[in-house]
Amino acid sequence: MLGRTSPVLSYFCVYNPSLAQNEENTKDQILYYTAKTVVPADVKMKQVGLAQALVNFSSAFSPSQPAQNVHAQKHRLIFLQPEPGFWMHMCVELGILRKQVKDSKGKEKLVTEYLDAQLNDHALEAVLRIGYEQFRLLNGTMASILTNAARRSTLMHRIEEFFSEWIWKWDFDRLDTIVFSGVFNGVPVQPLQRQNYLRIQDLDKLIQTKTRFISHMMAWDNQGGLVYRSPGLDMQDVVALRKWICQGQQQRDKENQQQQQQQLVSSKSLTTHNAANTLKSFTRSLSHYFSSSVPTSPEDRPSTPENDSPSSDASGTVEDVVRVHLKSRSGQEPQSEEELEEYFLLVYKHKSDLLWCFLLPAFAEGAEEWLADPASMVQLENALVEGDIDDLTTIIVENKESTQEKSSMALGKHYRCFYYDNATLNIKSTLMDQRKDTFTVNNDMLLQLLDIKNDFEAIPNTSEVYTRSTTNYWIAGRRVYNRLAVRQQQIQASNTDDHQEPPTEDEEEEDHYDEGVMSDYVEMYLVAAKKDTSLADVEETMRKMAASVVDTMRIE
């Protein structure tokens with residue numbers, strides 16, 4: 001059969017070799033296994049055994065960093081150790097291109113080509129990292145489940161419950177999704193004027209005071225951009241929470257659209273009065289209806305006292321309540337650095353479509369009862385009204401619109417760009433913007449972008465890379481390190497040693513890439529699709545991007 005096939009997942013497994021104490025129970029190390037076809041038990045063991053052998057062999061040469069991927073003729077093998085002793089392993093079948101060609105004698109023959117270049121190792125590793133990130137968010141670490149439950153079956157059930165649905169959702173032809181969700185695992189941050197930020201921070205403090213249990217707050221715009229997070233909330237937690245919140249919101253929006261369409265059809269047979277009542281049921285106030293995730297039914301909810309009723313300005317609904325596990329600390333209970341803290345995440349959707357998210361420590365005495373009490377939700381809404389949430393929302397929307405007008409990301413219809421701050425995890429991008437007057441960024445362009453990313457990681461001191469494709473588009477990348485951090489590190493080092501001489505200019509340049517500073521950088525990428533664009537044009541545009549970093553990112 002002629003044509004092209006896409007890369008597809010062959011199998012995926014999670015295993016822990018330490019769970020198999022002897023050769024008789026080697027199968028006990030496999031905690032989860034799934035494949036596109038039915039696989040016999042002995043084949044599963046051979047696949048897991050091969051994965052262990054490859055990792056152990058590579059560890060002999062690089063103990064600190066064993067093999068993460070292996071390229072075969074027809075497959076790509078990916079390995080990830082998310083926790084000590086636990087391994088996630090994925091095998092992806094390469095895409096195939098079958099075509100007819102003529103041999104030296106002029107006879108046609110069928111040629112099969114395996115498209116190895118269409119898969120990027122960093123992108124595939126990102127798939128597994130995202131999977132573990134979301135699993136840990138909802139379940140905690142695998143080691144803690146095994147320790148607390150004291151049963152291997154409990155861990156197996158949790159892993160299967162999450163990964164059985166998640167792993168088969170990935171489309172390996174959609175490299176754009178993998179790139180921005182995994183390789184550049186960040187959050188688009190909406191810039192705020194200082195006075196507006198301080199007003200939201202005052203609201204955060206007010207809610208913590210009024211509700212007693214809430215310890216952290218976040219605000220998101222309707223496109224998944226971060227407007228605000230409590231200072232004590234770890235950014236890695238924010239990244240993981242954003243994925244879950246956005247995915248849930250997309251699912252609810254889809255369900256609401258379907259429900260609205262059904263109601264519009266049924267409303268044709270109702271009177272105008274009944275149709276109006278139906279519309280009102282869609283715009284329910286938080287004070288009357290609550291999310292089904294809150295553990296109380298409408299019949300069991302007591303009537304709310306008049307003095308506790310929410311203000312008429314209240315306008316929002318609780319979208320969801322879920323348990324999550326985070327690194328961030330609430331300050332209410334001392335824990336080790338490795339141990340995750342369990343929270344209740346409460347998602348509140350304002351009428352403007354902004355999401356206000358609140359975190360309550362699950363271990364706090366009375367936290368679960370507080371969530372189940374309708375009066376507590378009214379209390380939260382009253383605190384939002386007291387903090388002028390409607391006014392704040394208007395300011396946020398206006399601030400976003402004015403920022404977009406002044407944005408330095410618009411470089412012309414022939415250019416697309418991308419910013420990533422590795423220190424703050426802030427990202428800004430026009431790569432995937434849907435516009436009719438410009439070009440579309442395809443997988444080949446993204447693969448070249450990832451190759452540049454690999455060059456930055458593999459070749460020390462690389463700050464700029466320019467490449468041009470055979471189809472005449474340019475891909476350029478620049479990495480800018482935070483020189484201020486370098487200088488501060490040097491000053492601290494000299495202060496600890498009174499006999500140390502001040503660093504020379506050459507030493508400063510050398511220390512610029514010291515290990516302690518290597519993680520504090522901004523990466524900028526530019527795609528130029530105009531055929532007659534010269535290298536000088538690309539360099540000039542990159543200089544404009546670098547100059548605008550001060551306005552759009554954190555680098556000094």
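**View 1. Helix H4 lies across strands S2, S3 and S6.** In this predicted model, helix H4 covers residues 152–166 and runs at about 25° to S3. One of the strands that H4 lies across is S2, residues 8–15. S2 is mostly covered, with seven of its eight residues buried.

**View 2. Five strands form an open sheet.** The order of the strands is S3-S2-S6-S5-S4, and they pair in the antiparallel sense. At the edges stand strand S3 (30–35) and strand S4 (69–71). Each of these two has a single partner strand, so one side of each has no neighbour in the sheet. On average, neighbouring strands of this sheet are turned by 10° against each other, direction ignored.

**View 3. Bridges join the strands of the sheet in pairs.** S2 and S6 run antiparallel and are joined by seven bridges. Tyr15 has Trp87 in S6 as its bridge partner. S2 also runs antiparallel to S3, with five bridges between them. Here Tyr11 stands opposite Ala35 in S3. Strand S5 (residues 75–83) and strand S6 (residues 86–93) are an antiparallel pair with seven bridges. The bridge partner of His75 in S6 is Glu93.

**View 4. The largest nonpolar core has 78 residues.** Which residues have the most contacts inside this core? They are Phe12, Met90, Phe172 and Leu345. Helix H2 (residues 121–139) provides the largest share of the core, nine residues. Another core, of 30 residues, lies apart from this one and has Leu354, Leu380, Leu384 and Leu392 among its members.

**View 5. Phe12 touches residues from several stretches of the sequence.** Leaving out residues up to four places away in sequence, the residues that Phe12 touches include Tyr32, Tyr33 and Thr34.

**View 6. Phe184 and Tyr420 form an edge-to-face aromatic pair.** A pair of aromatic rings is described by the distance of the centres and the angle of the planes. For Phe184 and Tyr420, the centres are 5.3 Å apart and the angle between the planes is 70°. Which parts of the protein does the pair tie together? Phe184 lies in the loop between helix H5 (175–183) and helix H6 (194–211), whereas Tyr420 lies in strand S14 (residues 415–421), so the pair ties together parts that are 236 residues apart in sequence. Are the two residues buried or exposed? Phe184 counts as buried because its relative accessibility is 0%. Tyr420 counts as buried because its relative accessibility is 5%. The count of aromatic pairs comes to 19.

**View 7. The charged ends of Arg416 and Arg479 sit over aromatic rings.** The charged end of Arg416 is 5.3 Å from the centre of the ring of Phe439. The charged end of Arg479 is 3.8 Å from the centre of the ring of Tyr521.

**View 8. The protein has 15 helices and 18 strands.** Of its 556 residues, 44% count as buried. Among contacts between residues at least 6 apart in sequence, 66% join residues at least 24 apart.

Methods:
Residues numbered from 1 in each chain as written. Predicted model: local features only at pLDDT ≥ 70, side-chain atom pairs only at ≥ 80, totals over all residues. Heavy atoms only, no water. Core = buried A, V, L, I, M, F, W, Y, C linked by side-chain atoms within 4.5 Å. Buried < 20%, exposed > 50% of the residue type's maximum accessible area, 1.4 Å probe, protein only. Helix = DSSP H or I, 4+ residues; strand = E, 2+ residues; numbered from the N terminus. Contact = heavy atoms within 4.5 Å. Phe/Tyr/Trp six-rings, centres within 6.5 Å; stacked < 30°, edge-to-face > 60°. Lys NZ or Arg CZ within 6 Å of the ring centre and 35° of its normal. Pairing = 2+ DSSP bridges. Axes fitted to C-alpha atoms, helices over the stretch in contact; angles between N-to-C directions.
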